[in-house]
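Reader: I am new to this structure and would like to learn how to read it. Please take me through a few features, with the general idea before each case.

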Amino acid sequence: MFGFGLIKGLWVTFKNLIGPTFTVQYPDKRVGLFKVAKYYKQNPFSFLKSHPIDGLKSIVGQAVIKEYPDQFPRFRGQEFNWYEDRCTGCASCAKYCPLGIIEIETHPGENNIQEGTSYDIDVFDIDIGRCMFCGICVEACPFDALHMGSGFEKATEKREELVIAVDELRSADKRPSTWFRPQIEQSSYQPRDKEMDDFHDIGRHEKPTKEELTERWVNER
Amino acid sequence: MSIRTEPVTMNVGPIHPSTHGVFRMRVTFDGEEIIDVEPVIGYLHRGSEKLAEERTYTQVVTLTDRMDYVASMTNNQSYILSVEKLAGITPSPRGVWLRMIASELQRIASHAVANGFLINDLGAWHTPLLYMLREREKILEMFEMLCGARITNSYLRPGGVFMDAPDQFWPALNRFLDEMPHRIDDIENLLSTNEIVLIRTQNVGVLKKDECLNASITGPVLRASGVDWDLRHKNPYDYYDQISFSRPLGEIGDNHDRFLVRIFEMRESLKILRQCIENIQPGPVRPKEVPFLVRPPKGDSYVPIESPKGELGFYLVSDGGVSPFRCHVRAPSFINLTLLREMVLGDKIADLFVTFGSLDVNMGEVDR
Amino acid sequence: MTKVFSGEMIRELIDDLEPESVVSTNNDSVHIKSESALKIFNELKNKENCQFDLLSSLTAVDYIDRFEMVYHLTSTVHNHSLVIKLICGEGRKEPKVSSVVSIWKGADLQEREVWDLMGITFENHPNLKRLLLWEEFPGHPLRKDYLR
Amino acid sequence: MNTVMDSVVFKFIYCHLVSSNECVDSFRILGSGFISEKYSIIGFLITSLILILILINGALVGVLALIWGERRLIGRFQARLGPNRWGPWGIFTPVADAIKVMFKEDISPRLSDKFVFVLAPVLMVIPVLMIFAVIPFGKATFLTDLNVGVLFILAITSTNTLSVLMAGWGSGNRYGIIGGLRAVAMLLSYEIPMALAAVGVILMAGSLSIIKVIESQTIPFAIFQPLGFLTFLIAATAELNRSPFDITEAESELIAGYMTEYSSMKFGLFFLGEFMATIAASAVIVCLFLGGWRGPEIIPSHFWFLIKWILMICVFIWFRATFPRLRVDQIMELAWKALFELTLINILAVAILMLIWPDPTILELWIMTGINWIIFFVSLWIFGKLLGPKPEQKDGVSRKIVLQK
């Protein structure tokens, strides 16, 4: 009958009215008592005691807790992670960047008898205001020194502030994305959970054992 | 008594709620009736073809993402196939299966967006669109698992894909495959029998078979006119020859057929995805010997694929260097615009936007 | 699977239609004379064993010493495809070919795009205006000598 | 004078102002009035002013609530949350909206007809406010009981056609003109089915007074004459320019139709007028078809009215969330080829039934209801066959999607 299709449509929207929503309420959301207690890892009563004001708010469903969208380890974020100890200053990243936004200046560093001569980095500017986060610089890095970051909140008011300088790269949190780094991904690493400060952990290869080192540095020579 | 009327010329776009980006039409109306349409494009022209001439073959992948930004996986696929043919690279089987999975997911996402916006152009207050975007969101999340980005993927590389799918991808994909048919049913309940949708879309913007073929229109628009021309079936690239699926064909070629063909193709894509999951075997995702800097020998190659919008192909010419000598994109949504004027002449103002929406045109691909 | 014509096959095909119009034969394509192009395309579209009803792609390449048009034709009836190239004019001066819009309507926008970006004039095109760029734009950017 | 004194609220305020004989003690909680009966007209005027103030402000608050409610509800229909940032559950969102609208730059285009351009939004709001004058919000709670109430409502609502046309014309924008002219065509057409649908109600009630109409609804007229209710509902949706009849704004076609060039508070007034019209129309439908404040006396009559009112508004929001827009010629077709005839059928049916049972008992009323429902389904089926989407193409090709294996 005419109009039946319209009623079917009304029924579908009604089903969605009572169904769940799919909104992620970044950066915070308002919840009731049980959820906020769970968020603070307490039971509701002790939460009411410890946080009286939040507790009262939560009874009418107005307690504020943080919420982040789901983020997967390969997420190509801002804040590049750079391990200076791994970097030789080869500037592969600068060469392979499709937009040419990486600027590197080096000078010959102090002699390292065991590993050979390396270069010290003077300037390592990444202009993420023009970056498109394709990750090709990371793909190109032969020594796994440069990694994509996992953040997405670096909004500024000026374009100049978007240039990441070498000091900033040195001091930044080391939460590398697992984009093009299968070795990190194997250890089911989540960038939001923990930092990776040690440059040894991040490499493409297994850490050499003592025997291998002996083989390489003593027996072969 | 006859009333003297005067035609009114109006600029629709480039900033307009339903021109899907920065499309502009110089429309002449007589009352509510359209007497002339002239599409004006180029507002999103970024010169991708020229940019590609100065970038290496791998770097161009990132440019292809930005052409059809609703279906970047298929753009990658088309480009990569062309590079592989040019450089004579044999891809790894697992990589090929993975990129088939990715491109079929992308097809569902693109068709969802196309149908959602078509209904939005019909005037539904964003409801079907948001239902569609909700499904697309799940696909984008899977893309984030695969390659860390949701829209500008750059997932594919010459020889396969750049990394194997993570462990969490397969459960998510299976969950999606289980849920999606019900969602499509919901959408069909909401729209396919809805009398308003029917009277608005049926017999509007009709494209005949011959007109369509003659104007090089491809993809769901061509199939809605009743031509059985799906490159996945007629000229199987990747491993589509190992997969069985059916092609939905319309009979009249109006807006409603185009809408239905897209819905049916979403179901077919789900079928293809299931078969891909069955067929995929463990192994390397790209051959070790493919260098980062591909240097194809002199020559040219053109591999058309069936993108969600139609036949998408990259015509690459190599002079033996590290970057393509010439990179031409055969952009389906650009060529599908050819007959827009003929389709809407004599229709009402409201039909203009519905017809335009049913063509599923993406301005990033039109202007490149 | 689409049957792709090799260069030799295309040459045989075209020799049947219009003798001595093939300039050179490559691996998978042929160069034809630009004077007889329109006639050949017309035959290719309408002849029983060809029926190339779908103009897949139409583009131009700037080979520095010459401009080349590239036509990818497909038949949805017989499911085969071929590539035809033709050299536009002599050298870089005023490249000119005849438009195929009268045969395939789908060439309309593509030829306008080629004119816009590569600067190849299409004779008898109904509406040869710039498409992606504005009318006053200097030069044709896809040419190799276009100055940035 | 007497009819006004039937209103409880009016009497309550009046008796605190004027020492009149009409006032019983129960109305003098805070002592008797200070104005002597000789100057009772002053008290009458002051009381009216106070009531009008209450009503207008109430309507404005109602609009704020509706803006919030509509956005929340549409959000939920679309499986998202809707505004939830300003204040608990986002209830201050409309306040923020209002502040934003007021502080925006007021632009009037150079090509506009200034006088018409500025006058149009004002004309949009005033008539809608006037509708509230005749709405009874509960038992003996109303501003005035016009004996031509239904006619008054129909007359007043048609004036905002003028304002829409003025806005479209005055802004000197082609989208605006198209929107304005569409509005005139549509609103004028839908006046007729709306009025004729109300005739069925008036026939049953035997009066044009809204109070009488409500009192005569032993069975709500929505159940008694479904055809009249359906046509009135559709016509009212069209009169409100709401989806699926929002061709005058038509976001996806005309950007904002006649409102395209309006900014700042002028736009705000249009917004206000439209939302207020939704509220008013819902109230009118509740009064005419859903039995107004009538209901089991478990809760006060005012609450019955409120509940029905809110439900009616929700139905409008539901329509908006679900239906795509009709095309302009289809809308005219619907008005002239379907609704017009359907209302005539309704009037005929009701009139004949009234002739058979001039003074019906409850049982007879239900029998009449049954007959009306049969007429409803039969006529809908016939009109669906005649005007609905055709499954067959003209040249006999049946529509289907073939799955090519």
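Author: We can start with a pair of helices. Two packed helices are described by the angle between their axes and the distance between the axes. Here, helix α6 (residues 169-191) of chain B packs with α11(B) at an angle of about 170 degrees, and the two axes are 11 Å apart. Axes are lines fitted to C-alpha atoms, for helices over the stretch in contact, and angles run from 0 to 180 degrees between N-to-C directions. Helices (H or I, at least four residues) and strands (E, at least two) are DSSP runs, numbered from the N terminus.

Reader: How is α6(B) oriented relative to α11(B)?

Author: The angle makes α6(B) roughly antiparallel to α11(B). Angles under 35 degrees count as roughly parallel, over 145 as roughly antiparallel, 65 to 115 as roughly perpendicular and the rest as oblique.

Reader: Which residues make the contact?

Author: Two residues are in contact if their C-beta atoms, placed from the backbone, lie within 7 Å. From α6(B) come B:L177, B:M180, B:P181, B:I184, B:I187 and B:E188, and from α11(B) come B:I263, B:M266, B:R267, B:L270, B:L273 and B:R274. By class, nine are nonpolar, none polar and three charged. Ala, Val, Leu, Ile, Met, Phe, Trp, Tyr, Cys and Pro count as nonpolar, Asp, Glu, Lys and Arg as charged, and the others, Gly among them, as polar.

Reader: How far can I take these details, and how are things numbered?

Author: This is a predicted model: local features need pLDDT of at least 70, side-chain atom pairs count only at pLDDT 80 or more, and totals for chains, interfaces and linings use all residues. Residues are numbered from 1 along each chain as its sequence is written, while chains are lettered from A and ligands numbered from 1 in the order in which they are written.

Reader: Which chains share the most contacts?

Author: Chains B and D do, of the four pairs of chains in contact. In that pair, 41 residues of chain B are in contact with 36 residues of chain D. On the side of chain B that touches chain D, α7(B) gives the largest share, six residues. That side has 22 nonpolar, nine polar and ten charged residues.

Reader: Which chains do not touch?

Author: Among them are chain A and chain C, whose nearest C-alpha atoms are 16 Å apart. Chain C and chain D do not touch either, with their nearest C-alpha atoms 15 Å apart.

Reader: What is the secondary structure of chain A?

Author: Chain A has nine helices and seven strands.
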